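Hello,

Here is the structure I said I would pass on. My notes follow it.

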Amino acid sequence: MQPPEPAPKRTGPRPTARRIVAHAFITLDGVLVAPEEWQREPDGERLTRLRDDDGPADPPLAAGGDVPTTARTDDTMAQLAALKQQPGRDIVVTGGDTAIRALLQAGLVDDLHLRVHPLVAGHGPRLFPDTGSRIPLTLVAASASPTGVLHLRYRPD
């Protein structure tokens with residue numbers, strides 16, 4: 001099986017409409033992790049968690065201050081859909097199981113970047129829980145770091 005080809009580099013003028021690009025850091029068992037909560041051991045062989053709690057459920061959306069800090073209401077989804085249609089920079093969403101899931105279910109995500117860390121957390125918030133709805137995705141790019149972190153880029157179908 002051939003790996004997917006990387007996305008072409010953007011050249012020329014930026015598109016007139018914004019895109020929503022979601023980023024999540026997850027473990028092999030699908031648990032969301034904040035990259036600052038983990039550190040590589042001195043031997044470089046494994047990651048360890050710096051905090052013992054699950055942390056906040058929803059980090060804020062990043063869109064240059066144009067939108068509210070969470071994506072939980074229909075009104076927020078409508079605001080983001082309208083914001084996407086305006087010229088400007090991409091809207092980047094980092095982490096937040098509820099926010100990313102809601103944006104995917106609303107059909108607003110243009111690119112989903114997952115960084116899959118080579119460890120099993122065992123518990124914690126999952127990006128895609130068992131109770132979620134089906135969201136078809138197409139893999140458009142994949143790469144691996146020397147430490148085993150996979151960077152997978154998906155586009156919703």
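A polar contact here is a pair of N or O atoms within 3.5 Å; within protein, one must be able to donate a hydrogen and the other to accept it, and residues adjacent in sequence count only if both atoms are side-chain atoms. This is a predicted model, in which local features need pLDDT of at least 70 and side-chain atom pairs count only at pLDDT 80 or more, while totals for chains, interfaces and linings use all residues. Residues are numbered from 1 along each chain as its sequence is written, and side-chain values use heavy atoms, with hydrogens and water left out.

Lys 84
A polar atom of the Lys 84 side chain lies 2.9 Å from the backbone oxygen of Leu 108. Lys 84 belongs to helix α1, residues 74–84 (helices are DSSP runs of H or I, at least four residues, and strands are runs of E, at least two, numbered from the N terminus). With a relative accessible area of 9%, Lys 84 is buried (under 20%; exposed is over 50%, partly exposed in between, with a 1.4 Å probe and protein chains only). Between Lys 84 and Arg 18 there are 66 residues in sequence but 4.7 Å in space, C-alpha to C-alpha.

Strands
Strand β8 (residues 150–156) runs antiparallel to β6 (residues 111–117), joined by five bridges, and antiparallel to β7 (residues 137–144), joined by seven; strands pair if DSSP finds at least two bridges between them. Leu 152 in β8 stands opposite Leu 114 and also opposite Ala 142.

Regards
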